[in-house]
Amino acid sequence: MNSIYFLLAALPVLSSITVILCGKGALNGALVGLVTAILVSLFIPEFAIASSQYNSGVGTVLILGLSVALVIVPGQILNRVLQQQNIIKALAHYIDCVKLPKLHKALLLLLGVAPAVESLTGFGVSLFLSVPIIFQLYQGKAAYRTAMLTMNIMPWGTLGLATVVGAGIAGLSIQQLGIYSSITSMAVFPTLGIACLFALGGWHAFRQYSWLAILLGFVFSSLLYINNRWLWVETAGIFSGLGTLLVGVLLTQARFEKKEFIGVPLVRALTPYGFLLMLVALPRLIPGAWDWLSHLLVLETEHIRFTPFTSPGFALCITAVIIALSQRTRVSIKSILPTVARPIVSIIAFVAMAQIMRESNMLSYVGGTLVGANQTLNVVLSSFLGGVSGFVTGSNVGGNALMMPLQQTLSSGADTQLAILAAIQNSAAGHLVFASIPMILLMTTIAKDLAGPQEVPVASLLKFGLGMAVLIVCVIGLVGIFLARII
């Protein structure tokens, strides 16, 4: 009987993952999971929800949905503005003007430029920058695989959106989850640097440049910890990417041969990013400004607290408007809605499913069944669940919405253990998004005109992504085990 109740309690998550793995998309998977959770809570007395619990659950879902939409919509508008003003193409051109050996440039792109850009704007925008450069340097599977690897800053992508949302679901502070995530992700970036070398040049490239890949990887990881610990989670990926880029340029003695991009000087190409960074940082630097914005409008339930005017979306919105007005660029909101509607609705559906499972005690039942006395096995299970959530949803935010509540139940209520498992979830989900079908399709679509007449190797890339996914989950799991034992 216990096994039947376990299957019923886990059925919403299992049905959701099954639908996604059958190729029906994250939105359909989220909706099927939500409907399944509703049906189980309605027809199985052991998982019934009291009417008084509905108000809190609905409020939490609406607030989390609003927090996501407030970042995704203005972020997508800013992306369109940057593309229409040729700023993305200009940046790719100026990076191409840097004179370096191919492998050096690939590592700087992987561990410096791409993370900084993706942290600022998100939504795969860094691919529009990195893919053209990579395909100028390399061709074939090597170029595709390297382009995939550049999408690995997701816990800090889009101004830390996934970490902000994950912290709200887990009941942790944003800084606490950011610090622990920077530790659980510590060994991922050197691993990515080595993987990049093998993808581009095999053992020969590894023997030649492994020192640079490992060094830049640990520089990036160290800067992530420093930024999360002493500065701000939302800008950690930006400053870490820029810092790693600076160290890499100094080590490799790069030379810049400036060739003006038509109509877009270098200063203007960098202005939107600098302006956005200023808007994110300035309220924290002006005494009293952050507290005032934090209390200007507060939306909260017993599970979450959201202040719109301190959201990264507020800075994105102002930046998009100012940059659009500066060049009189017009963006049709109507044309953006189809792009943003699916991820927003998917995330809201995942959050709603998770809330129903929380309030009906399904998550507690699943977690209580899975959790054991062996802390090592709990960490291994946590890293596996986190990786699966990022892979199947194609989104760090969606993965956290799907699995973070379950990670809470695995932690047995201990604050430190909760922080570790939540960080493992955040890291594993974020770093495995690059291997997901939606991300592979986005990357191959961008590369289509650059790769020539050869067939796009989607199946081959998925195989490569799954192999890397297993490696990354193992790396995160090992770091998590070590962290759990020393704290």
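Reply:
**From the cysteines to the interior**

Cys 474 has a relative accessibility of 43%, so Cys 474 counts as partly exposed. The model is a predicted one. Cys 317, at 37% relative accessibility, is also partly exposed. The structure holds zero disulfides. A disulfide is a covalent bond between the sulfur atoms of two cysteines.

Some background on the chain comes first. The chain has 487 residues, and 58% of them count as buried. The chain contains 20 helices and four strands. Of the contacts between residues at least 6 apart in sequence, 81% join residues at least 24 apart. The residues below give examples of what lies inside.

Start with Gln 425, in helix α18, which runs over residues 415–431. Its relative accessibility is 0%, under the 20% cut-off, so Gln 425 is buried. The side chain of Gln 425 has a polar partner: a polar contact of 3.2 Å joins it to the side chain of Asn 400. That distance is within the 3.5 Å limit for such a contact. Leaving out residues up to four places away in sequence, Gln 425 touches Leu 385, Gly 386, Ser 389, Gly 399, Asn 400, Met 403, Met 404 and Gln 407. Asn 400 is therefore both a contact of Gln 425 and its polar partner.

One of those contacts leads on to the next residue. Met 403 is touched by Gln 425 and also by Val 13. Val 13 is found in helix α1 and, at 11% relative accessibility, counts as buried. The C-alpha atoms of Val 13 and Val 32 are 9.3 Å apart in space, while the two residues are 19 apart in sequence.

Ser 181 is found in helix α8, residues 174–184, and is buried, with a relative accessible area of 0%. Its side chain makes a polar contact of 3.1 Å with the side chain of Asn 426. Leaving aside neighbours within four places in sequence, Ser 181 is in contact with Trp 156, Ala 423, Asn 426 and Ser 427. Asn 426 is thus among the contacts of Ser 181 as well as its polar partner.

Two glycines extend the picture. Gly 480 lies in helix α20, which covers residues 458–486. At 0% relative accessibility, Gly 480 counts as buried. Its contacts beyond four places in sequence are Val 379, Ile 420 and Ile 424. Gly 480 is 300 residues from Tyr 180 along the sequence, but their C-alpha atoms are 9.7 Å apart in space.

Gly 217, the other glycine, belongs to helix α9, residues 188–230. Gly 217 is buried, again with a relative accessible area of 0%. It touches Leu 111, Phe 189 and Pro 190 when residues up to four places away are not counted. Gly 217 and Leu 107 are 110 residues apart along the chain, with their C-alpha atoms separated by 9.1 Å.

Now for the surface. The accessible surface of the chain is about 19,800 Å², and 67% of it belongs to carbon and sulfur atoms. Val 35, Ile 38, Leu 39, Leu 42, Phe 43, Tyr 54, Val 58 and Leu 62 make a nonpolar surface patch of about 780 Å². The elements giving two or more residues to that patch are α1 (2–43) and α2 (51–84). Helix α1 gives the most, with five residues. Helix α1 thus takes part in the patch and also holds the buried Val 13. Val 58, a member of the patch, lies in helix α2. At 45% relative accessibility, Val 58 counts as partly exposed, because that value lies between the 20% and 50% cut-offs.

The loop between α2 and α3 (87–96) contains Asn 86. Asn 86 has 31% relative accessibility, so Asn 86 is partly exposed. Its phi is positive, at about 60 degrees, although Asn 86 is not a glycine. Most residues other than glycine have a negative phi.

How values were computed: Residues numbered from 1 in each chain as written. Predicted model: local features only at pLDDT ≥ 70, side-chain atom pairs only at ≥ 80, totals over all residues. Heavy atoms only, no water. Buried < 20%, exposed > 50% of the residue type's maximum accessible area, 1.4 Å probe, protein only. Contact = heavy atoms within 4.5 Å. Areas by Shrake-Rupley, 256 points an atom, 1.4 Å probe, with all protein chains shown as cover. Patch = residues over 30% accessible without salt bridge, like charges linked within 9 Å, V, L, I, M, F, W, Y side chains within 5 Å. Salt bridge = Lys/Arg side-chain N within 4 Å of Asp/Glu carboxyl O. Polar contact = N/O pair within 3.5 Å; in protein donor to acceptor, adjacent residues only side chain to side chain. Disulfide = S-S within 2.5 Å.
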